[in-house]
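Subject: Structure handover and notes

Hello,

Please find the structure below.

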Amino acid sequence: MLKVKNLTKKYDKVLAVKDVSFEINSGEIGVLIGPNGAGKSTTIKSIAGLLRFDGEITIDGKPNKSIKAKRVFGYVPETPALYESLSVWDHLEFVARAYGLQDWADTAETLLARFDMDDKKNKVGKDLSKGMQQKVSICCALLIKPRMVMFDEPMIGLDPKAIKELKEIFIELKNSGCAVLISTHILDSIADVWDKALIMNKGEIVFNSTRDAMALKDESLEDVFFAKTEGEGATR
Amino acid sequence: MSAMFFIVRKTLKNLIKGVFKKPILFIGYLFITLFVVTMLIASFAMPSGLIRRGSSDLYTGIVTVVFIFMYYTTLKLGIEKGSTYFRMADVNMAFTAPIKPNHILLYGFFKQLGGTLLFLFIALCQIPNLKNNFDIKPYGTWMILLATIFYALSYPLISMILYSWATKKTGRKKILKRAIDGLALLIAGFFLLSLSRTRNIVGTMGYVFNNPIARYFPVIGWTSSIANASIKGFTTEFWTGLFGMVALILGAVVGLYRANLDYYEDVLEGTEYLEAAVKARREGNKMTFGLKVRNSVKQKLSGTGASALFFKHLLELRKTAYVLFFDRSSVSVMLAAIMFRLVMPKEEIQGFSLSMVLFFALYMLLLLQMQGRLSTEMEKHYIFLIPASPHEKLFFATLAEHIKNLFDGAVLFTLSGILFKAPAIIVLSCIITYTLSGAVYTYSDILARRLFGRIHSKGLLIFIKVIVNLLIIVPGGVAAGIVMMITESEFYMICALGGWSFVLGVTLFMFSAGILNNLETVS
């Protein structure tokens with residue numbers, strides 16, 4: 001579903017991402033992990049169509065910047081930013097209009113209820129806490145019923161109930177055949193859900209494996225992470 | 001496209017609904033509306049050139065210098081950070097949606113039309129002053145506003161195009177910045193060279209900024225030629241400027257709209273910068289936002305208890321200043337002194353010239369100091385946790401501000417004193433009054449926070465504080481006027497104003513210190 005081929009991104013003289021390639025299939029949850037400055041954000045922004053890059057990124061077989069690809073792609077950014085004067089419901093209505101959704105209201109109601117936001121429908125963006133903004137951001141991404149969805153540090157600011165709900169949503173998305181990519185620093189938060197691990201360091205993918213393959217080798221994600229980012233032999 | 005205009009429609013609707021829901025907001029906006037209407041009526045209705053009729057060369061010079069400065073600063077920042085019509089909400093929600101980038105750009109341009117209102121308001125505030133000093137034509141106000149609109153619409157477009165070109169190849173950014181700096185240096189060099197020959201500033205302004213190259217120079221020359229129609233009438237320069245700017249803006253918009261656009265990256269950095277600037281403004285540290293911090297300044301932190309705040313502020317001041325306390329605001333006050341010397345007619349130079357500079361400086365300080373260092377301090381928890389009395393904490397947390405005002409006052413009035421050949425005692429009294437009035441503004445700002453709490457609209461809060469400050473300073477102004485009539489002495493007049501500021505400063509200090517008792521009082 002998501003194919004990243006030879007992605008390279010240079011800012012002036014700094015090579016932020018170097019020849020990165022990976023795939024996330026339908027019904028698969030991929031995690032993109034790496035230390036600060038590894039190139040995760042640049043990769044995420046490139047996939048989201050916000051940056052120019054060398055290489056090829058396709059979503060559902062279409063170039064990621066095309067209208068057709070965007071129609072099936074949901075994105076939850078690291079820092080939620082809502083329209084200050086638009087209510088929670090207005091945000092969902094905007095998404096429905098922008099993506100040309102029909103009969104979306106019931107889905108929106110259900111999503112808001114799952115995140116305990118149903119009583120805050122009329123609150124405007126500037127009156128919401130960071131956690132609530134994050135919940136709205138997640139609801140907006142899920143409203144379109146995406147075939148590929150990308151979460152950038154989705155747990156930050158969420159309360160325990162919302163985290164639990166989001167983990168369930170990850171599984172539901174996977175079971176419905178959606179490709180999910182999660183970028184995070186908190187390995188524990190995604191320990192139960194991931195299928196494919198992508199570890200980035202210094203702008204490159206230094207590790208790409210599935211849970212099954214790692215289980216066969218009796219490798220733990222945490223050990224591999226430290227070994228790949230701090231040198232072989234470094235485990236915690 | 002309908003999705004993007006849904007945002008505009010809903011934003012406007014919710015903004016209006018929000019104003020009616022909160023009485024203090026409603027009253028505040030009512031005040032602003034009344035103020036704008038008054039300014040509008042004053043700008044259009046007041047006669048021009050009755051008090052004095054400055055030369056058209058001086059007018060052209062001032063207008064051109066203002067536009068050069070505005071284009072120079074905004075384009076340089078645009079090349080560095082990219083320019084943007086957008087906020088992060090647009091980036092996260094609209095840029096990633098299946099909407100054509102051209103439609104999003106059009107939406108951004110439409111939003112910018114709203115942004116021009118701020119520039120129009122700033123321009124509107126200058127018009128009565130211009131009408132007092134120059135012979136502005138009856139339709140002149142329209143021309144000044146028209147030039148302002150063209151500026152506000154054109155600079156983001158030019159910035160976006162330049163940034164887009166510059167970021168495609170390494171080294172282009174540097175080339176562009178050097179070209180802009182070079183052009184600015186060329187103008188400054190040509191001006192100084194001409195000045196050394198003529199030794200007449202107004203004449204030099206006419207020679208440098210009224211010559212055909214300057215008048216027909218793309219963008220800057222065009223914009224200022226439109227504004228110049230307010231004094232020169234509808235000349236060929238005006239029509240060239242008008243058609244030039246219309247063609248430029250339309251051409252850029254149509255070109256960008258039709259092009260196969262991939263501009264999201266170009267506006268991303270600018271949007272992130274804008275978002276940070278908005279956050280800084282809300283937190284009250286607008287004055288320090290974007291300043292370069294020099295890590296080379298070596299100064300150990302000293303002081304214990306509340307005084308540690310003072311030494312921290314001193315270090316912060318030094319790190320953002322060019323030398324010692326000489327920073328951007330010091331340059332502004334220096335330029336203000338020189339401009340005053342240029343604009344003030346000869347007959348007034350003999351009279352109460354330094355007090356005129358003082359009044360103007362106090363007005364500027366009122367606008368600038370509304371977002372001082374203490375506002376930033378109160379957004380963080382440290383000041384509330386320091387084990388010291390609120391009075392002690394307030395004193396030390398504002399002491400650096402007073403020292404900075406003393407420093408700027410010394411720069412401004414020493415320079416003005418030399419330019420106007422004023423006696424040393426007048427210079428000294430101006431410096432002290434300037435510092436004391438700065439203290440009034442600082443403490444009234446804190447008292448306003450204590451009384452109003454945190455109003456979501458920082459602009460509205462600033463507006464309320466400006467009005468309150470003007471009102472409380474009035475008795476001092478009246479006292480100064482009476483003293484002047486009785487004694488006919490500029491020195492005693494300034495002392496009366498200084499005395500009132502001292503009494504007011506101490507009173508406000510006593511009433512406002514309680515704000516530091518707990519964090520709740522500021523939120």
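This is a predicted model: local features need pLDDT of at least 70, side-chain atom pairs count only at pLDDT 80 or more; totals for chains, interfaces and linings use all residues.

Residues are numbered from 1 along each chain as its sequence is written, and chains are lettered from A and ligands numbered from 1 in the order in which they are written.

The sheet in chain A

Helices (H or I, at least four residues) and strands (E, at least two) are DSSP runs, numbered from the N terminus. Two strands pair if DSSP finds at least two bridges between them. Chain A has an open sheet of six strands with mixed pairing, in the order 6-7-8-3-9-10. Strand 6 (73-76) and strand 10 of chain A are at the edges; each has a single partner strand, so one side of each is left without a neighbour in the sheet. On average, neighbouring strands of this sheet are turned by 15° against each other, direction ignored. For such angles, axes are lines fitted to C-alpha atoms (for helices, over the stretch in contact), and the angles between N-to-C directions run from 0 to 180 degrees.

Strand 7 (residues 148-152) and strand 8 (residues 179-183) of chain A pair in the parallel sense over five bridges. Met148(A) has Ala179(A) in strand 8 of chain A as its bridge partner. Helix 5 (residues 130-143) of chain A packs on the sheet and touches strand 6 and strand 7 of chain A. The direction of helix 5 makes about 175° with that of strand 6 of chain A. Helix 1 (residues 40-47) of chain A lies across strand 3 (29-33), strand 7, strand 8 and strand 9 of chain A, and runs at about 150° to strand 7.

Single residues

A residue is buried if 20 or more other C-beta atoms lie within 10 Å of its own, exposed if 12 or fewer, and partly exposed in between, with C-beta atoms placed from the backbone. Is Trp194(A) buried or exposed? Trp194(A) counts as buried because it has 22 C-beta neighbours inside 10 Å. Trp194(A) lies in the loop between strand 8 and strand 9 of chain A. The C-alpha atoms of Trp194(A) and Glu28(A) are separated by 7.9 Å, although the two residues are 166 residues apart along the chain. Two residues are in contact if their C-beta atoms, placed from the backbone, lie within 7 Å. Not counting residues up to four places away in sequence, Trp194(A) touches Ile29(A), Val31(A) and Arg211(A).

Lys202(A) is not a glycine, yet has a positive phi of about 50°. Lys202(A) sits in the loop between strand 9 (196-201) and strand 10 (204-210) of chain A, and is partly exposed, with 15 other C-beta atoms within 10 Å. In chain B, Glu488(B) has a positive phi of about 55° and is not a glycine either. Glu488(B) is in the loop between helix 21 (458-487) and helix 22 (490-512) of chain B, and is exposed, with 10 other C-beta atoms within 10 Å.

Where the chains meet

The contact takes 26 residues from chain A and 25 residues from chain B. On the side of chain B that touches chain A, helix 1 (2-21), helix 4 (88-94) and helix 12 (264-283) of chain B each supply at least two residues. Helix 1 of chain B gives the most, with eight residues. By class, this side of chain B has 14 nonpolar, seven polar and four charged residues. Here Ala, Val, Leu, Ile, Met, Phe, Trp, Tyr, Cys and Pro count as nonpolar, Asp, Glu, Lys and Arg as charged, and the others, Gly among them, as polar.

Chain B

Chain B has 22 helices and zero strands. Of its 523 residues, 38% count as buried.

Helix 6 (residues 140-166) and helix 11 (residues 236-258) of chain B pack at an angle of about 45°, with their axes 10 Å apart. That makes helix 6 oblique to helix 11 of chain B; angles under 35 degrees count as roughly parallel, over 145 as roughly antiparallel, 65 to 115 as roughly perpendicular and the rest as oblique. The contact of helix 6 with helix 11 of chain B has eight nonpolar, one polar and no charged residues.

Regards
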